[in-house]
Structure formats: C-alpha cells, structure tokens
Amino acid sequence: LEVQCSRNLDQEFVKKSKFKISSSIVQQVLESNQPVLTNDAQNDNRFTGIFSVQGLKLRSVLCVPLRDEEKSIGVLYLDNRFERGVFNRYHLRLIQAFADQAAIALRIAWLLEEAKKREEDLKKSQETIMELNKKLQKELEKQKLRYASAIRKASSPPTKKRPKLKHDYSSIITQSPKMYEIFKVLDKVCNSNVPVLIQGESGTGKELIARALHFNSKRKKKEFVSENCGAIPQTLMESEFFGYEKGAFTGADRRKLGLFEVANGGTLFLDEISEMDPDMQTKLLRVLQEGEIRRVGGKETIKVDVRIISACNKDLAEEVKKNHFREDLFYRLNVITIQLPPLRERKEDIPLLVDYFLTKNAKKMGKPKKSVSQEAMDILLDYDWPGNVRELENEIERACALSKDMITPDILSPTLLSGERVRDEGSKTYQGTLKEILQKEMEEVERRVILQTLERCKWVKSKAAEALGISRPTLDMKMEKYEIHRSV
Ligand SMILES: Nc1ncnc2c1ncn2[C@@H]1O[C@H](COP(=O)(O)OP(=O)(O)OP(=O)(O)O)[C@@H](O)[C@H]1O
Ligand SMILES: [Mg+2]
C-alpha cells in the first residue's frame with residue numbers, strides 16, 4: 001500500500017499517514033471494489049479483532065474504491081477517531097461519485113503520460129532508424145559505385161580464344177587478347193637471335209616474358225643470365241659483364257668469367273637497361289657490333305654468342321631524347337619491342353591470377369586453397385594496381401595469411417579502397433531515358449543487396465530469403481537474373 005496524498009481536517013499534510021489508516025479496510029475495499037461505511041468501527045462486528053481498527057481507535061470510517069472498470073486502482077479513505085456516525089449514505093454516494101470522476105481523471109492522466117512516453121520512444125526509434133538508414137544508404141551508395149565501376153572496367157574487350165601457338169607460355173597466366181598478341185610476336189622471334197626490348201611498368205612480368213623467350217628457344221639448354229643494370233656499382237660493371245684476368249687489379253687473385261661468357265650460347269637479360277652508365281653503354285654497343293669481348297686486364301678477344309633481351313620500365317626512346325641513353329645502342333637493342341600492358345588494362349586477368357596465386361599459396365603453405373568472396377573480387381577488379389601483377393601477388397599472399405578460409409573485403413589492404421574509384425564514378429555519364437537509367441541503377445542496387453545478404457547469411461539461401469523478405473523461388477530467380485554465384 002502506498003499513500004499518495006493525505007490531509008487532516010485543517011487541510012494539513014499528515015505525517016506517516018500510512019500508519020494512521022486501517023490498511024485492513026483499505027485492502028478490503030481494494031479487493032472487493034465495494035465501499036465500506038461504518039458509524040463506529042470499534043463496535044462494528046465486521047472489524048472485531050482487526051488490529052489496525054482497534055489500535056487506531058477508529059470510529060467513523062468511509063472508504064470508497066477508485067474504480068477503473070472492474071477493478072480498483074486505489075481508494076479514497078476518510079476517518080474520524082473521536083465521533084461516531086460522522087459519515088452517512090449520502091456522504092458515501094457523494095464521495096463515490098467524486099471517486100468515480102477522480103478515477104477517470106487518473107486514467108486519462110496515465111493514458112496521456114503513456115502516450116507521451118510512447119511518442120518519445122517512437123521519436124527516438126525513428127531517429128535511430130533514420131541514422132541507420134543514412135548509414136545504410138551511404139554504404140549502399142559506396143557498394144553501388146564500386147560494383148558499377150568494376151563492371152565497367154572488367155567488361156573490356158571480350159576474351160578471345162587463345163591463339164594457336166608454336167611454343168608454351170603456360171607460365172604466363174592470362175586470357176587477355178593484348179597478351180595473346182604478344183605471344184604471337186614471341187612465337188616468331190623465339191628462335192631468332194634478334195635482340196628484344198621488353199618495356200612495361202614495374203611488376204608487369206617483363207622477366208617472365210624474357211624467361212619464356214629463352215626457355216622456348218634452342219638456347220634453353222644454356223644459361224639464362226639475369227642482371228639488373230641498376231644494381232651494379234658503375235665501377236664494377238665492366239668486370240661484371242666481361243670478367244677479368246688474374247692480376248688485372250688488386251684483389252683479382254684469379255681469373256673470373258663475366259656474364260657474357262657465362263651466358264655464352266644462352267641469353268643475357270639486361271634488366272633496367274636505362275640505368276646503365278654511358279661508358280658501359282659504349283662498351284656494350286661494341287660487343288653487340290663485334291660479337292666479342294675482352295676480359296679486364298686481358299689481351300685476347302673472345303667470341304661470344306649471346307642473345308640479348310633487355311627490359312626497362314621507363315620509355316627508353318624518351319631517355320634517348322633526353323640524352324640519357326645512346327641512340328645507336330637503343331637501335332641495337334630495340335629490334336623487336338614488346339610493350340607489356342599494365343594490369344589495369346587487362347583486368348580480365350585478375351580472376352585468373354588471383355586463382356593462380358591462391359593455388360600457389362596453398363601449395364607453399366601445405367594448406368587447403370582459400371577462396372575470395374565476390375565482394376572482395378569486385379574490389380580487386382576495381383583497383384588500379386600501380387604495382388601490377390607483383391602487387392596483386394603480394395596482396396593475395398597477405399590476404400591468405402590474414403584470412404581463415406575466405407578472403408573478404410575487410411581483409412584487403414586499405415589502399416585498395418582509396419579514392420581512385422570514387423573519383424572515377426564522379427565522371428560517370430548516364431545515357432538513356434530517366435526511366436531506363438533508374439531501372440538500371442535499381443537493378444544494380446538490388447544485385448548488391450542480394451549479394452551482401454547472401455554473404456552475410458553464409459550462402460544459406462533460405463536464411464537470406466527470409467532476411468530479404470522474399471520467397472526462396474524469388475531469390476533463386478533473382479540470383480539467376482543477376483548471375484550471382486558463390487565465388488572462387
Ligand atoms: N602473367 C603472369 N602470370 C603469373 N605470374 C606473373 C605474371 N606476370 C607477372 N607475374 C609474377 O609477378 C611478379 C613480377 O613479375 P616480373 O618480375 O616478371 O615483373 P617485372 O616487369 O620484371 O617487374 P620489375 O620492373 O619490377 O622488375 C613475379 O613474381 C612474376 O612471376
Ligand atoms: Mg624485373
């Protein structure tokens with residue numbers, strides 16, 4: 001029991017009022033939902049033996065229920081300890097009528113309070129929903145951009161069939177028509193001795209091509225010698241390439257063969273040729289013209305039969321223009337030029353290369369092959385790969401080390417998600433009627449949402465369908481429409 005409000009005859013607040021009323025009478029009224037009126041409680045049979053009545057020496061008591069439909073929500077309690085018969089039937093009717101009004105007022109107040117609280121809760125949830133919606137919208141927008149851009153970039157020329165080739169290029173993973181054209185050229189020059197210059201950005205596979213040339217030629221039984229011209233100090237270049245005789249200089253305590261002699265009958269791959277110093281350029285030119293070398297400190301000339309393949313990630317013709325590279329040497333080296341396209345210009349190779357590196361990694365680690373989620377693949381397809389295949393290889397290796405069995409977007413390097421793509425999207429041009437554009441954009445969003453949900457539900461279709469609020473057959477139909485499959 002709780003007393004909400006109490007007054008004495010002088011309209012004063014009654015202290016400790018809870019102990020100054022008959023809780024038994026109050027309880028009875030509450031339970032029966034009927035009023036109690038007594039002229040002299042102490043001599044009323046109904047209350048004999050009731051402690052509170054006797055203890056408080058109650059005389060006149062009037063207690064009426066605050067009725068809310070069938071039950072009491074409280075009582076109005078009046079008493080007088082000194083006089084008998086203070087309250088009569090008339091008072092009872094009056095107080096009950098008042099109590100009935102009060103009960104209605106209370107009910108309305110509560111309802112209002114509840115409504116207000118609900119309104120506040122609703123407002124709060126609405127705000128949360130709006131916040132979440134905004135986040136979702138942003139995420140969706142981002143995903144949409146990413147997907148659209150990936151599609152655009154990946155839909156470069158349709159993959160042609162691998163051309164019929166004389167030689168084996170299976171070490172070079174590709175399905176790119178541009179690379180097939182290169183294979184055709186390689187096929188023609190494998191067995192001739194013409195010098196080949198391979199140009200291309202870092203990591204595009206220049207050395208791989210050079211090796212393919214060598215191992216597809218009659219020279220394959222002899223050495224393939226690879227030298228990075230940027231890595232040898234200028235002073236050691238001559239002895240590195242041409243070797244030296246015993247006693248040629250202090251420390252030369254025995255004869256040493258140079259790279260030309262080691263590569264005799266085989267191939268010498270001159271990587272980063274643009275870094276060769278002018279003096280060495282002149283000496284190299286002479287060897288190429290005469291087909292013979294002289295060891296440092298030696299007198300005799302030695303005939304060498306070496307195929308020269310050079311590589312450069314700068315534009316060598318530009319280096320000639322800038323007087324950084326001898327023009328005559330340039331023409332000597334550049335009989336056949338292979339220009340390797342960067343990875344971003346042959347994005348169709350990305351899935352193949354990813355699969356290849358996943359297999360390679362699994363073998364290396366002796367573990368089952370990992371897979372890449374479709375979302376992660378979209379990101380890989382969308383990225384520009386300034387470090388080309390080498391960068392992709394490193395990324396897959398890193399992701400394999402970090403992932404359990406599936407590579408998902410959160411595992412990929414943050415650089416892959418940087419602004420590049422968004423900038424691209426800014427220049428997106430739309431074509432068609434508004435209806436057509438919206439239809440296309442909506443379909444893209446729909447595809448992304450379905451894909452995301454499937455991935456979130458670990459590809460349990462019934463769960464995904466439930467989460468999306470569509471039926472299983474509808475989900476199947478949409479997956480077919482958007483060609484959604486679980487990725488490699
Ligand atoms: N098409 C490809 N298929 C399989 N692996 C490739 C392919 N292209 C490149 N790679 C791999 O990528 C890495 C870089 O290739 P490579 O060393 O041939 O590039 P590069 O052009 O010589 O680079 P850099 O200019 O930095 O020397 C190597 O591990 C190579 O095996
Ligand atoms: Mg290289």
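Reader: Fine. How many residues surround ligand 1, and which are the closest?
Author: There are 18 residues around ligand 1. I173, S202, G203, K206 and R390 are the closest.

Reader: What classes are they?
Author: The shell around ligand 1 splits into six nonpolar, six polar and six charged residues.

Reader: Which helices supply at least two residues of that shell each?
Author: α5 (206–215), α11 (349–365) and α13 (388–402) do.

Reader: What about polar side chains and the oxygen atoms of ligand 1?
Author: R390 has a polar side-chain atom 2.7 Å from an oxygen atom of ligand 1. For S202, an N or O atom of the side chain is 2.7 Å from an oxygen atom of the ligand. For E393, the distance from a polar side-chain atom to a ligand oxygen is 3.0 Å.

Reader: How much of ligand 1 does the protein bury?
Author: The protein buries 85% of the 630 Å² that ligand 1 exposes when taken alone.

Reader: Changing topic. What domains does the assignment give?
Author: Domain 1 (17–115), domain 2 (177–343) and domain 3 (430–488). Taken over C-alpha atoms, the centres of domain 1 and domain 2 are 112 Å apart.

Reader: And what is the average pLDDT of the chain?
Author: The average is 89, and 93% of the residues score at least 70. Over residues 419–425, though, the pLDDT is below 50. That stretch has eleven contacts in the model beyond near neighbours in sequence.

Reader: How should predicted coordinates be read where pLDDT is low?
Author: Not in detail.

Conventions
Residues are numbered from 1 along each chain as its sequence is written. Chains are lettered from A and ligands numbered from 1 in the order in which they are written. This is a predicted model: local features need pLDDT of at least 70, side-chain atom pairs count only at pLDDT 80 or more; totals for chains, interfaces and linings use all residues. Side-chain values use heavy atoms; hydrogens and water are left out. A residue is near a molecule or strand if one of its heavy atoms lies within 4 Å of it. A polar contact is a pair of N or O atoms within 3.5 Å; within protein, one must be able to donate a hydrogen and the other to accept it, and residues adjacent in sequence count only if both atoms are side-chain atoms. Accessible areas come from the Shrake-Rupley method with a 1.4 Å probe; for residues, only the protein chains shown count as cover. Helices (H or I, at least four residues) and strands (E, at least two) are DSSP runs, numbered from the N terminus. Ala, Val, Leu, Ile, Met, Phe, Trp, Tyr, Cys and Pro count as nonpolar, Asp, Glu, Lys and Arg as charged, and the others, Gly among them, as polar. Domain bounds come from an automatic or database domain assignment. pLDDT is the predictor's confidence in each residue, from 0 to 100. Contact means heavy atoms within 4.5 Å.
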